[in-house]
Amino acid sequence: MSFARVRALVVVGLLALVALVFVVVAVVRDTQGSGANARGCPEGWPLADLALRNYKDVKINILNGTNEPGLAGSVADDFRNRKFQVKKQGNGAHFEGVALLRFGPKGVGSAHLLRAFFLNNAERDYDAKRQDDTVDVVLGDGFQQLATTTEVNQSLGDLGAPVAPEGSCPMPAEDR
């Protein structure tokens, strides 16, 4: 065997050894496996459900925070046509923005999904003491229309994954 081949085999062997060491170190130091569990959650903090639901599994209340009559009904019909579970509709307190999403720990993932329908222009109002998984959608003066399916998908991509609100911990997947 020539010296050039031996040298090439040594270099390839060393590269393989370095790659193996790198993989072992990465697996051993991986912190993502325990990052989404409740073991490190401080006492009394609620567990936030970060799962993105199918439209048919999302429960919402539509409230009209504008002076435009019938807005809650038309938007509720639009959400029903998209297979959301509209529980209530009616009038709410006046709101100047596009929309306000009110939710508790069980509605974090649903509220994240709904933000995409307002192209991330909806404000969030998280209530750690709220016990249900329903999201209240208060339509504001800045509301014009819900996003199209393509816009929703693009907005979800821009938003990224849901994050547990401050003062809560991610709910383990097995508890959902």
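**Figure 1. Charge placement in the predicted chain.** The mean positions of the 19 positive and 20 negative charges lie 9 Å apart. Lys and Arg are counted as positive and Asp and Glu as negative, leaving out His and the chain ends; each charge is placed at NZ of Lys, CZ of Arg, CG of Asp or CD of Glu. A word on the model before we zoom in: it is predicted, with local features needing pLDDT of at least 70 and side-chain atom pairs counting only at pLDDT 80 or more, while totals for chains, interfaces and linings use all residues. Residues are numbered from 1 along each chain as its sequence is written, and side-chain values use heavy atoms, without hydrogens and water.

**Figure 2. Fold and overall extent.** Four helices and seven strands make up the secondary structure of the chain, in the order α-β-β-α-β-β-α-β-β-α-β from the N terminus. The chain is more spread out than a compact globule, because its radius of gyration is 24 Å, well over the 16 Å that the globule rule gives for 176 residues. Helices here are DSSP runs of H or I with at least four residues, and strands are runs of E with at least two; the radius is taken over C-alpha atoms, and the rule is 2.2 Å times the number of residues to the power 0.38. The C-alpha trace spans about 90 × 40 × 25 Å along its principal axes.

**Figure 3. The Tyr55–Phe84 pair.** Seven aromatic pairs turn up in the whole structure. One of them joins Tyr55 and Phe84, stacked at 4.8 Å centre to centre with 20° between the planes. Tyr55 sits in the loop between strand S1 (47-48) and strand S2 (59-64), and Phe84 in the loop between helix H2 (71-81) and strand S3 (85-91), 29 residues apart. Rings of Phe, Tyr and Trp (its six-membered ring) pair if their centres lie within 6.5 Å; planes under 30 degrees apart are stacked, over 60 edge-to-face, and the rest tilted. Tyr55 is partly exposed at 26% relative accessibility, whereas Phe84 is buried at 4%. Buried means under 20% relative accessible area, exposed over 50%, and partly exposed in between (1.4 Å probe, protein chains only). Tyr55 and Phe84 also belong to one aromatic cluster with Phe79 and Phe117.

**Figure 4. The Phe118–Phe143 pair.** Phe118 lies in the loop between helix H3 (108-117) and strand S5 (122-126), and Phe143 in the loop between strand S6 (135-139) and helix H4 (149-159), so the pair ties together parts 25 residues apart in sequence. Phe118 is buried at 3% relative accessibility, and Phe143 is buried at 11%.
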